[in-house]
Amino acid sequence: MSKFVCIHGHFYQPPRENPWLEEIELQESARPYHDWNARIASECYAPNAASRIVDKENKIVDIVNNYTKMSFDFGPTLLSWLERHDAELYRTIIESDRVSSSRFSGHGSAMALAYNHMILPLASRRDKETQIRWGIADFRKRFNRLPEGMWLPETAVDYETLDLLSEAGVKFTVLSPLQASKVRALGSETWTDVAGGKIDTTVPYLCSLPSGREISVFFFNQPISNDVAFGNLLSDGKSFAERLVSAARETNSPALVNVATDGETYGHHHKFGDMALAYCIHHIESNGLARITNYGEFLEISPPTSEVQIIEKSSWSCAHGVERWRSDCGCNTGICPSQKWRGPLREAADWLRDELDRIYAAEASKYLVDPWASRDDYISIVMDRSPEALEAFLKRNSRSAIGMAERQRTLKCLEMQRHRMLMYTSCGWFYDDISGIEAVQVIRSAARAIQLAEELSARSLEGEYVRRLASAKSNLESIGDGAKLYASQVKPSSVDLMKVGMHYAISSVFSKEREGHVYCYSVKDEFHNSLKSGRLCLVIGKSKVTSEILLEAIDLEYAILWLGDHNVYGSIREAGAGSDFARMYGELRDAFKRGEVYGILSIMDQNFKGGKCAPCSLRNLFKDKQIEIVSKILEASVSKANDFYSEVFSTNQPALLFLKSIGMDPPKALQAAAEVVLSSKMLEALRAPRLDLEEFSSIVDDVKALQIEIDRDAIGLEATSRIEGELKEFANDPDDLKRIEALSSFLTILKRLSLPLNLWRAQNTVFSIIRGYYGYLQERRMQDSYAASWSEAFERLCSLVGVKA
């Protein structure tokens, strides 16, 4: 067969972790999910691992793993997040590469990606080298092989970047046809102009590099890729397949139709896009229309017969080359009119980079044989922060055996460089305003690098960096400029060991089991006592807080007084030779026993003063814990309010029903009471240890009769979780016929609410039962009345979740 099809997905999210905590904090804009990684994983990454093929009745007839049949790359920082937060999905992605290798003649479908999506043509040669080496090292550790290909961030390219890829052993990359300049047959001296996308994208090309090295380049089909990403081609998988096959030229030699888009196209940007992709591949394969392949396999089948010259400093997402990441070039998403802030943000980053590099070279050379080679090797620690990995790293790179203080400074140098690179993540410039979460994130990375640099040297960098940010004007009057944004959104998020101690101390007031870890910090108690009397609670403690990344530690003493509600007053100090903790504890304990609140506060004021002391309150909690504790504090008040609303609702329910029956709108206050009560009752029923279907059905009756606006998102998530839990228990004991019937009744009731249910996991479970226990019982159905009854009940359940038995 001469027709080949390759579909590539570039799966990537920018690093979203708080640079001081190394975890993503709550992102309100991603609701109802915790953060955008979680949301997009649910909408795209997971569905592509188990995508549905449906029949004409829209019932699932097969579930397939798209990753095993497509070409893909995953951002290293995204894979790191998946490994921590969705280990099962992470393992599936890694395993997909192994499966694809067996399908595609020993060529795995996964490609590597430059580490944190830096625009490489705008980077220094040294940064290009590190980004490529980190990307390869991360890939090798995860996929247990060297990559054949590497995806370039935004396909931004220049010859130096290609040369470094080739030097690193990368065989090929993929570019837009608009990035090709000239082509000629190998051995020919005549070049043909192909600028403007005129290049033949059905074959690979050889690109000769200044060093004498070579690299192969594929160019994707631009019209089809655009229709996949920005058109409606994913509305129908068969049409998608036919469009791909029809684009293959008629020839006796192998011809490749390849498309490349953001992987998030398949499910996040286009709902059910993963299903269109799955059916597209299924249709092509089942009808023998073309051979599905990946770039590595096709390169072996059809090596380049022509060479290409590229357009330097070009990309797939900016018509002006790479200007989108340094100027107001006109490329935007259409939300804000001006991107003049991009230039000052880039200039501030470049100035800071140069200052940080000077500090790094001076400080790191005291401990490391070759600071820049050590930076390249530091990826081994980023991927494995164990003591053993650190020892091996230091053995390879340090000048001599170094003590703890020198280790801490060495790690601080290297972490400064890591955050220095993270501040160049491309998304910081891609969108429309400097106030976007992506731009704020790169500025936070810069702030973390500045903090580390100022701790390493006598240099003060923050003032000049912020002064330069003042030229980055926001489109939003409320934001102002980059300097004001730094003061309002970046500076408050910075963390030191004292702030970690504050968080730990306050959290311990509200938790019986204290945390041994606070994000990337460990906490060990030397002393901790909690005194309680009525609503009052006094916690007095002495703990060591240690950075698990930098190995720095601090001994802290604290006293936290909770007066009930949100009234938390506390103080914390660095433990020192002059402090008399035992005496302070005794005085506070005695004052608490006497019930002298003002006495306690006075003793705290006397003992916690000076430069190494700080007051603390609920405001000092990190965001997720703050929400958790404030919600806990408000539980009693919310419960009282619900009781009040419940009384109002029960008293006036008959009147509300009458008003609805005569077409009269109820008073807003009574309508609000009904909405609060019925939403609350529904959530309580869904969270109960045992689901009472009769009670739940009665609540739904009331909702429908009164035409109540319930909290659909919250209830939909809770109902989804309940369905998954019930099905998981059923899968463990599939003989339970009553459970099947109860599940079917539950799903039938839920249908009346038209909730936004995500049945993806539920369908996976049902489909696994079809392939297992259901198939077993089918063989006995004609002779066994139980098997017949069970099968009929299960088939009804299948229909309710959209699966064909």
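## Lining of the largest cavity

The lining of the largest cavity in this predicted model divides into 4 nonpolar, 6 polar and 2 charged residues; here Ala, Val, Leu, Ile, Met, Phe, Trp, Tyr, Cys and Pro count as nonpolar, Asp, Glu, Lys and Arg as charged, and the others, Gly among them, as polar. Its lining residues are Ser71, Gly108, Ser109, Ala110, Met111, Arg145, Glu148, Gly149, Phe172, Asn294, Tyr295 and Gly296. Strand 5 (110–113) and helix 9 (295–301) are the elements that give two or more residues to this lining. Helices (H or I, at least four residues) and strands (E, at least two) are DSSP runs, numbered from the N terminus.

The largest cavity holds about 50 Å³ of space, and the count of cavities of 30 Å³ or more comes to 6. A cavity is a set of points, on a 1 Å grid over the protein atoms alone, where a 1.4 Å probe fits but cannot get out; lining residues have an atom within 4 Å of a point. Grid points are joined across faces, edges and corners, and a volume is the space filled by probe spheres set on the points.

## Basis of the model

Residues are numbered from 1 along each chain as its sequence is written, and side-chain values use heavy atoms, with hydrogens and water left out. In this predicted model, local features need pLDDT of at least 70 and side-chain atom pairs count only at pLDDT 80 or more, while totals for chains, interfaces and linings use all residues.

## Overall dimensions

The protein contains 28 helices and 20 strands. Its C-alpha trace spans about 95 × 80 × 50 Å along the principal axes.

An open sheet of 6 strands has the order 15-16-17-18-19-20, with antiparallel pairing. Its edge strands, strand 15 (517–518) and strand 20 (613–616), each pair on one side only. Two strands pair if DSSP finds at least two bridges between them. Strand 15 is joined to strand 16 (residues 521–533) by 2 bridges in the antiparallel sense, and His517 stands opposite Ser522 in strand 16.

Helix 20 (residues 581–593) packs on the sheet and touches strand 16, strand 17, strand 18 and strand 19, contact being heavy atoms within 4.5 Å. The direction of helix 20 makes about 155° with that of strand 17. Helix 19 (residues 497–510) lies across strands 15, 16, 17 (536–547), 18 (553–562), 19 (568–574) and 20, at about 40° to strand 18. Axes are lines fitted to C-alpha atoms, for helices over the stretch in contact, and angles run from 0 to 180 degrees between N-to-C directions.

## Strand 8 and its partners

Strand 8 (residues 180–185) runs antiparallel to strand 14 (residues 306–310), with 5 bridges; Ala185 has Ser306 as its bridge partner. Strand 8 also runs antiparallel to strand 9 (residues 192–193), with 2 bridges, and Val183 is partnered by Thr192. Strands 8 and 9 form a hairpin with 6 residues between them, and Gly187 in the turn has a positive phi of about 95°.

## Backbone exceptions

Most residues other than glycine have a negative phi, and most peptide bonds are trans. Lys313 has a positive phi near 50° and sits in the loop between strand 14 and helix 10 (342–364). Arg31 and Pro32 are joined by a cis peptide bond, with omega about 10°; Pro32 is in the loop between strand 1 (3–11) and helix 1 (36–49).

Terms used
1 Å grid on protein atoms, 1.4 Å probe; cavity = no way out; pocket = protein on both sides within 12 Å on 5 of 7 lines; lining within 4 Å.
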